[in-house]
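This briefing covers the fold, the helix packing, the nonpolar cores and a few individual residues. The sequence and the structure come first.

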Amino acid sequence: MDLVNVLNEDHERLRWHLLRLEGQLQQRYDEKGDPHGWTVRSESVLRDQLKEFLRALGAHEDVEEKILFKALVEAGTLDVHPLKNLEHGHRQLDVQVRRLAGMLDGAPSSPMAGLVAATMDLCETLRAHMQEEEYSLFPFIRSTLPEAMLQKLGSKAAARLSSRLKS
Ligand SMILES: [Fe+2]
Ligand SMILES: [Fe+2]
């Protein structure tokens, strides 16, 4: 599988996490439509899902920055628009990830409203970011890097992702 296919497949994995999280967020409404209907159980499930999601997102960004970004820099494309967007998008995600991770490290009794809002913000930002990569960055990579290199980078990316997700 070449690098673009590996990254696209990983986007699907991240979208699965987003759907699962959004499903869990529905728990904030109980049977009576009370928006504060969190239970100890549903809060704990959300926290566990968020930790798994942040781990998957961290692995994905790591591969994009350490493998894709590096290859594009080496190809001399440092100032090209899609690459600038990739960097900017990742810095934006980093801020939201740190905010959410800080909340997850906090006491379980911290207010759920903040955690829910931070989760929804990150889901929205990530969806837009992935879409932008798929429409702009990935076609750019295909037109910039030779096929043989994309294959080689794809194997490297797949190995790095699987080792990050296992460790
Ligand atoms: Fe990205
Ligand atoms: Fe991505």
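Alanine 71 touches Leu145, Met149 and Leu153, leaving aside residues up to four places away in sequence; two residues are in contact if their C-beta atoms, placed from the backbone, lie within 7 Å. The model is predicted: local features need pLDDT of at least 70, side-chain atom pairs count only at pLDDT 80 or more, and totals for chains, interfaces and linings use all residues. Residues are numbered from 1 along each chain as its sequence is written, while chains are lettered from A and ligands numbered from 1 in the order in which they are written.

**Overall fold**

- The chain has five helices and zero strands; helices (H or I, at least four residues) and strands (E, at least two) are DSSP runs, numbered from the N terminus.
- Along the sequence the pattern reads α-α-α-α-α.
- The C-alpha atoms fill a box of roughly 55 × 30 × 25 Å, taken along the principal axes.
- Of the 167 residues, 24% count as buried; a residue is buried if 20 or more other C-beta atoms lie within 10 Å of its own, exposed if 12 or fewer, and partly exposed in between, with C-beta atoms placed from the backbone.
- Among contacts with a separation of 6 or more, 81% join residues 24 or more positions apart.

**Alanine 71 and helix 2**

- Alanine 71 belongs to helix 2 and counts as buried because 20 other C-beta atoms lie within 10 Å.
- From alanine 71 to histidine 81 there are 10 residues in sequence and 16 Å in space, C-alpha to C-alpha.
- Helix 2 has 35 residues, which at 1.5 Å a residue should span 51 Å; its end C-alpha atoms are 50 Å apart, in agreement. The expected span is 1.5 Å times one less than the number of residues.
- A kink of about 25° in helix 2 is centred on glutamate 65; the bend at a residue is the angle between axes fitted to the seven residues ending there and the seven starting there.
- The buried residues of helix 2 include Phe53, His60, Glu64 and Leu68.
- Cover for the buried residues of helix 2 includes helix 1, helix 3, helix 4 and helix 5.
- After helix 2 comes glycine 76, with a positive phi near 80°.

**Helix 4**

- The 33 residues of helix 4 should span 48 Å at 1.5 Å a residue, which agrees with the 45 Å between its end C-alpha atoms.
- Helix 4 has a kink of about 40°, centred on glutamate 133.
- Glutamate 133 is itself one of the buried residues of helix 4, which also include His129, Met130 and Ile141.
- Helix 1, helix 2 and helix 3 are among the elements that cover the buried residues of helix 4.

**Packing of helix 1 on helix 5**

- Helix 1 (residues 3–25) and helix 5 (residues 147–166) pack at an angle of about 35°, with their axes 7 Å apart. Axes are lines fitted to C-alpha atoms, for helices over the stretch in contact, and angles run from 0 to 180 degrees between N-to-C directions.
- On the helix 1 side, Leu3, Val4, Asn5, Val6 and Asp10 take part; on the helix 5 side, Leu150, Leu153, Gly154, Ala157, Ala158 and Leu161.
- By class, this contact has eight nonpolar, two polar and one charged residues; Ala, Val, Leu, Ile, Met, Phe, Trp, Tyr, Cys and Pro count as nonpolar, Asp, Glu, Lys and Arg as charged, and the others, Gly among them, as polar.
- Lysine 156 lies in helix 5 and counts as partly exposed because it has 16 C-beta neighbours inside 10 Å.
- Lysine 156 and aspartate 2 are 154 residues apart in sequence, but 9.6 Å apart in space, C-alpha to C-alpha.

**Nonpolar cores**

- The largest nonpolar core has 19 residues, of which Leu3, Val4, Ile141 and Ala157 touch the most other members. Such a core is a set of buried Ala, Val, Leu, Ile, Met, Phe, Trp, Tyr and Cys residues joined through C-beta atoms within 7 Å.
- Helix 1, helix 2 (40–74), helix 3 (81–105), helix 4 (112–144) and helix 5 each give two or more residues to this core.
- Helix 2 gives the most to this core, with five residues.
- Another core, of 13 residues, lies apart from it and includes Phe53, Leu57, Leu100 and Cys123.
- Leucine 3 touches Leu68, Ile141, Leu150, Leu153, Gly154 and Ala157, not counting residues up to four places away in sequence.

**Valine 97**

- Valine 97 is in helix 3 and counts as buried because it has 20 C-beta neighbours inside 10 Å.
- Not counting residues up to four places away in sequence, valine 97 touches Leu54, Leu57 and Leu122.
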